[in-house]
Each structure stands twice: as structure tokens, then as C-alpha cells.
Amino acid sequence: MKEVRDEAVVLRTYRSGESDRIVVFWGRESGKMRSIAKGVRKPGSKIGGGLEPLAHVDVYLAQGRGDLRIVRQATHRNRFAVVKASFDRINAGYAIVEAVDAIPADDVPDEAIFTMLVRALETLDREEFFPTLVPAAFFLKLLAHDGSEPVVDFCVNCQSPGPLVAFDAANGGTTCAQCRTGRSLSAGALSLLRRLCGGDLASVLREENPPAGGEVAALAQESLERHFGKRLKVARSTPATEH
Ligand SMILES: [Zn+2]
């Protein structure tokens with residue numbers, strides 16, 4: 001474990017011992033890193049404030065023992081004040097960092113993931129965007145990054161152009177009326193899914209309650225869970241608003 005100076009986002013923290021905290025970061029140049037912040041839970045600790053989930057920080061991590069580096073310094077780059085002021089935005093942020101934490105790779109650099117992560121948090125921090133579909137859009141981007149973006153333009157089983165009436169997360173996309181595997185998909189959800197996958201994200205996120213938003217959020221999450229082979233708890237506990 002070499003020492004590291006990097007720009008990073010805090011994915012998760014948990015208590016360790018009397019006064020320490022384990023902090024999991026995703027660094028721009030370093031990928032996922034695990035570290036220990038010693039004495040951080042004691043009153044007057046200098047590094048404590050910068051180390052909550054979603055924090056975007058510059059960190060200096062010293063060489064440690066085993067697989068944990070030691071946090072020496074953490075300085076805020078962005079405090080995400082708009083996110084912090086809203087329960088829905090915080091929860092959406094937690095769903096996003098949980099998804100990044102589910103990526104099965106320690107110390108594997110991937111700057112594209114760092115960039116997507118920071119952009120998603122910056123999007124959540126802008127009042128003109130509603131937070132509901134930001135995690136779903138982020139999940140679809142993670143899938144696309146791995147070459148596993150869901151198929152939404154034809155049937156994944158028989159390649160027919162449709163009508164497409166279901167979504168099969170296990171097979172990676174929409175299915176037609178003849179094949180009909182997966183769960184049923186409304187016309188509104190199909191059109192919203194196409195907009196999200198097709199680069200119409202900014203306009204989707206300006207709509208307070210896009211039709212079938214909850215359905216699409218669930219499909220995006222299920223697709224990512226199958227891709228990682230892991231359930232996402234925070235995202236699942238966030239109520240999807242259906243209108
Ligand atoms: Zn088919």
C-alpha cells in the first residue's frame with residue numbers, strides 16, 4: 001500500500017474501535033481505496049468533518065499496514081450544500097456511492113468512473129434538476145461504461161423491433177410480445193428508458209415527475225444489481241415515486 005495524494009469521493013465510512021473510522025474512497029487516479037482515520041471520532045479531531053459519505057475531497061493517505069492506508073489529511077473541494085439540504089437528494093447520493101462501492105475492484109484506477117461519480121453528485125447539487133432519476137441515469141451510465149447498457153430498441157431474444165412489451169434484466173433489455181420474458185414494461189417506461197439511454201438526460205431531469213419514473217428507476221437498478229451480482233440496499237429503501 002503506497003502513500004497516495006489524490007482527489008477522491010467518500011463512498012462509505014464505518015466505526016472502528018474506540019475512536020477510529022474506516023473510510024472507503026474512490027480516487028481520481030487511484031480507484032477504490034480503503035483507509036483508516038485514527039482518532040477521528042474524538043472531539044477536536046482535525047480531519048473528522050471531511051470524511052462523511054458524498055464528500056469530495058483532496059486526501060493524503062499515508063502507507064499503512066495490511067490493506068488499510070492511514071488518512072493524514074482531507075480537505076473539502078465541494079460541500080454539496082444543495083444536496084445536504086434535502087433528504088431526497090442525500091438518499092439519491094447515497095444510492096450513487098453505494099453503486100460505486102459495489103464495483104468489485106480495490107486499487108484499480110478508473111478515472112472515467114470518478115468523473116461520472118463527481119458529475120452525478122454535481123447534478124444532484126443543482127436545484128433545477130430533480131433528484132428522482134439521477135441514480136437510475138447513473139446506473140445506466142455505469143452499465144454502459146462496462147459495455148452492458150440495456151438494449152432498448154429491439155427484442156434481446158429474437159431481435160424483432162417490437163412491439164416491445166417487457167424488460168428482461170437478466171438478458172439485458174427489452175423483449176417483444178412473442179418472447180415476453182422478464183417483467184412487463186409500460187409504453188411510458190419504454191419511452192423514458194430510451195430518453196435516458198439516448199442522451200436526453202438533462203431534459204428528463206428537469207421534469208418533476210416524468211411518467212413511469214419509478215418503473216424505470218427499478219429497471220435500471222435491477223440491471224445494475226444483476227451486472228454486479230449484488231443487491232443495492234440504499235437504493236432499494238428509497239421510495240420510488242409513481243405518478
Ligand atoms: Zn422477441
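Modeller: Domain bounds come from an automatic or database domain assignment. This is a predicted model, in which local features need pLDDT of at least 70, side-chain atom pairs count only at pLDDT 80 or more, and totals for chains, interfaces and linings use all residues. Residues are numbered from 1 along each chain as its sequence is written.

Colleague: Thanks! How far apart are the centres of domain 1 and domain 2?

Modeller: The domain assignment places domain 1 at 4-79 and domain 2 at 127-237. Taken over C-alpha atoms, the separation of their centres is 34 Å.

Colleague: Is H2 roughly parallel or roughly antiparallel to H4?

Modeller: Helix H2 (residues 87-101) and helix H4 (residues 134-145) have axes that come within 9 Å and cross at roughly 15°; axes are lines fitted to C-alpha atoms, for helices over the stretch in contact, with angles from 0 to 180 degrees between N-to-C directions. Under 35 degrees counts as roughly parallel, over 145 as roughly antiparallel, 65 to 115 as roughly perpendicular and the rest as oblique. H2 is therefore, relative to H4, roughly parallel.

Colleague: Which residues of H4 make the contact with H2?

Modeller: Contact here requires C-beta atoms, placed from the backbone, within 7 Å. H2 contributes Ala92, Ala95, Ile96 and Ala99, while H4 brings in Val134, Pro135, Phe138, Phe139 and Leu142.

Colleague: And how does H2 run relative to helix H3, roughly parallel or roughly antiparallel?

Modeller: The axes of H2 and helix H3 (residues 111-124) come within 10 Å and cross at roughly 175°. H2 is therefore, relative to H3, roughly antiparallel.

Colleague: Which residues of H3 meet H2 there?

Modeller: From H2 come Arg89, Ala92, Gly93, Ile96 and Val100. On the H3 side the contact is made by Ile113, Leu117, Ala120, Leu121 and Leu124.

Colleague: Lastly, how are H5 and H7 oriented to each other, roughly parallel or oblique?

Modeller: Helix H5 (residues 187-197) packs against helix H7 (residues 213-228) with axes 9 Å apart and an angle of about 60°. H5 and H7 are therefore, to each other, oblique.

How values were computed: Helix = DSSP H or I, 4+ residues; strand = E, 2+ residues; numbered from the N terminus. Contact = placed C-beta atoms within 7 Å.
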